[in-house]
Amino acid sequence: MATTEEEQVSATAASPLAKSAAAGQGGSAAEHGWTTDGLPLGHGSVVGEPMGRAQWDSGICDCLGRNDEFCSSDLEVCLLGSVAPCVLYGSNAERLGSSPGTFANHCLPYTGLYLIGNSVFGWNCLAPWFSYPNRTAMRRRFNLEGSCEAVNRSCGCIGSCIEDEFQLEQCETACDFSTHVFCHPCALCQEGREIRRRVPHPGFKPQPMLVMLPPGYQTMARQP
């Protein structure tokens with residue numbers, strides 16, 4: 001009788017080890033997801049399931065934005081992207097970095113590359129090399145859908161070609177670079193519209209509001 005109880009206890013204690021060993025053997029074949037920081041995360045891990053990708057709030061060609069509470073901000077973004085892309089890029093980087101000193105560190109180098117590219121090569125071919133990592137960082141921070149994932153969602157032709165998540169992320173980074181090279185003003189405007197809807201300006205500090213409520217209705221009891 002005692003031997004049977006000991007066997008049951010040993011089998012119960014060994015079952016989690018067997019499960020973990022089986023999970024370790026199949027871990028190499030398991031699919032990986034991506035966290036909001038762009039890091040791989042295995043399904044069923046202790047951290048949790050990976051979050052689903054979110055779509056961009058507006059398309060890359062929606063330069064005038066949408067007719068909502070950010071309509072005036074979208075028009076400002078469109079104007080800056082057309083006339084002063086260095087200011088728009090610096091503003092986007094400042095909001096993404098959430099520190100007041102980020103604007104000058106990004107706007108001034110972008111302006112130098114913009115002037116050199118237009119004066120030497122005749123078009124803005126150098127600044128996209130400096131600005132496209134901002135799009136990748138924004139896509140990872142807000143867990144946004146990439147170009148390859150958008151094409152795969154539309155026609156389903158990318159999923160059969162790229163199955164590894166690391167290769168997919170490299171492909172998305174290459175698409176971010178291509179978007180900034182061939183559609184640079186539209187890419188900056190799309191990023192500006194997206195980040196203004198998600199992150200307030202670092203210099204904005206809302207003031208606390210004190211609300212005083214009037215006392216409730218009081219009645220006095222009449223003494224006999």
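**View 1. Aromatic pairs in the predicted model, with Trp 129 and Phe 177 as the example.** In this predicted model, five aromatic pairs are counted. In one of them, the ring centres of Trp 129 and Phe 177 lie 4.6 Å apart and the planes meet at 65 degrees, so this pair is edge-to-face, an angle over 60 degrees being what that class requires. Trp 129 is exposed, its relative accessible area being 57%, whereas Phe 177, at 22% relative accessibility, counts as partly exposed.

**View 2. Phe 177 with its partner Tyr 132.** Phe 177 also forms an aromatic pair with Tyr 132, again edge-to-face, for which the centre-to-centre distance is 5.3 Å and the angle between the planes is 75 degrees. Because Tyr 132 lies in helix 5 and Phe 177 in helix 7, this pair ties together parts of the chain that are 45 residues apart in sequence.

**View 3. A ring cluster, and a charge over a ring.** Tyr 89, Tyr 110, Tyr 114 and Phe 130 are joined into a cluster by ring pairs. A contact of another kind involves Arg 135, whose charged end sits over the ring of Trp 56 at 4.6 Å from the ring centre.

**View 4. The second largest pocket and its lining.** This pocket holds about 210 Å³ of space, and both Trp 56 and Arg 135 are among its lining residues. The lining also includes Gln 55, Ile 60, Arg 139, Glu 145, Gly 146, Ser 147, Ala 150, Arg 153, Asp 176 and Gln 190. Helix 5 and helix 6 (147-155) each contribute at least two residues to the lining, and the largest share, three residues, is that of helix 6.

**View 5. Helix 8 and the helices packed around its buried residues.** Helix 8 (residues 184-198) consists of 15 residues and spans 21 Å from its first C-alpha to its last, close to the 21 Å expected at 1.5 Å a residue. The helix is mostly covered, with 12 of its 15 residues buried.

View 6. Phe 70 is placed in the loop between strand 2 (40-42) and helix 2, and is partly exposed, with a relative accessible area of 24%. Its C-alpha atom is separated by 8.3 Å from that of Arg 193, although the two residues are 123 residues apart along the chain.

**View 7. The whole chain, for orientation.** The protein has eight helices and two strands, which follow the pattern α-β-β-α-α-α-α-α-α-α along the sequence. Of its 224 residues, 29% count as buried. Among contacts with a separation of 6 or more, 64% are between residues 24 or more positions apart.

Notes: Residues are numbered from 1 along each chain as its sequence is written. This is a predicted model: local features need pLDDT of at least 70, side-chain atom pairs count only at pLDDT 80 or more; totals for chains, interfaces and linings use all residues. Side-chain values use heavy atoms; hydrogens and water are left out. Rings of Phe, Tyr and Trp (its six-membered ring) pair if their centres lie within 6.5 Å; planes under 30 degrees apart count as stacked, over 60 as edge-to-face and the rest as tilted. Buried means under 20% relative accessible area, exposed over 50%, partly exposed in between (1.4 Å probe, protein chains only). Helices (H or I, at least four residues) and strands (E, at least two) are DSSP runs, numbered from the N terminus. A charge sits over a ring if NZ of Lys or CZ of Arg is within 6 Å of the ring centre and within 35 degrees of the ring normal. The expected span of a helix is 1.5 Å times one less than its number of residues. On a 1 Å grid over the protein atoms alone, a cavity is a set of points where a 1.4 Å probe fits but cannot get out, and a pocket is an open set with protein on both sides within 12 Å along at least five of seven lines; lining residues have an atom within 4 Å of a point. Grid points are joined across faces, edges and corners, and a volume is the space filled by probe spheres set on the points. Contact means heavy atoms within 4.5 Å.
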